[in-house]
Amino acid sequence: MPSTLVHVALAGLIGTALLADRFDTRAILFVMAASALVDLDTFLDLWLIGTHRAVLHNLVWPTLAGLALWWDLRREESYVLERWGARGARVAWVALVAVVFSHVLLDAFFNGVNLFWPLHDRFYDLSGQFLYSDERGFVQTFVEFDRAPDGTRTLSNATAEGSVGETHYRTGVKPTADGSDAERLFPIAMTGERFVLLLSGYGVVGWRLFEERRRD
């Protein structure tokens, strides 16, 4: 699975691109930290089985936070604008985008997350591929459906997984579901692609920070 460092590296790339002229040390660190905080439910899994990739790895909280931010910014006396100004609003939006794309969706397309927890307790594994075949045309396997005898279509077992309490993702904090002894692995970059993402993410952020400091 992608490590927290990989998630943060991707958040750094997203933040650097979307912050634009609002980019500075505090802003990019806030965006990257927001992405990292999603993995805090790894520790909650020590007490509540199956809550890793559920309690914080979902689309419900970012959606609610986005609606609350949108509502606040439309008010005449916006809390965010009065306290942090337009810059703070931009940083908040970018942080939400980074959380969704650099962490929740990245994990959803790599072994799965509980996308709609707590409204709907079901892990969804969207791992797959998207390609063009000269024989089959465009093919995607991210979301697959089974057709029932009555003609209705449901998500296949390859897409929909178990619920909280039934699903365990191995981590260095809790390598086994029952707490038995096992090798504790703390991933950094488990594939070459993720290593390149690490280098590019932190490299881009570091270079932008260097440029900002040199400009000042």
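Hi everyone, let me start with a definition: a residue is buried when its relative accessible area is under 20%, exposed when it is over 50%, and partly exposed in between, using a 1.4 Å probe and protein chains only. What you see above is a predicted model, where local features need pLDDT of at least 70, side-chain atom pairs count only at pLDDT 80 or more, and totals for chains, interfaces and linings use all residues. Residues are numbered from 1 along each chain as its sequence is written, and side-chain values use heavy atoms, with hydrogens and water left out.

How confident is the predictor? On pLDDT, its confidence in each residue from 0 to 100, the protein has a mean of 92, and 100% of its residues reach 70 or more. Confidence is highest in helix H4, at 98, and lowest in strand E4 (residues 153-155), at a mean of 77. Helices here are DSSP runs (H or I) of at least four residues and strands (E) of at least two, numbered from the N terminus.

Now to two helices. Buried residues of H4 include Val-60, Leu-69 and Asp-72, and helix H5 (79-108) is part of what covers the buried ones.

Where is the kink in H5? It is centred on Gly-85, at about 115 degrees; the bend at a residue is the angle between axes fitted to the seven residues ending there and the seven starting there.

Next, salt bridges, meaning a side-chain nitrogen of Lys or Arg within 4 Å of a carboxyl oxygen of Asp or Glu. By this rule there are 5. In one of them, Arg-87 meets Asp-24 at 2.5 Å, N to O. That pair links distant parts of the chain, 63 residues apart, with Arg-87 in H5.

Asp-107 and Arg-53 also form a salt bridge, at 3.4 Å. Asp-107 lies in H5 and Arg-53 in the loop between helix H3 (41-44) and H4, so this pair ties together parts 54 residues apart in sequence. Both residues are buried.

Finally, Arg-215 pairs with Glu-212 at 2.8 Å. Is Arg-215 buried or exposed? Arg-215 counts as exposed, at 57% relative accessibility, whereas Glu-212 counts as buried, at 18%. Together with Arg-208, they are linked in a network of salt bridges.

Notes
Contact means heavy atoms within 4.5 Å. pLDDT is the predictor's confidence in each residue, from 0 to 100.
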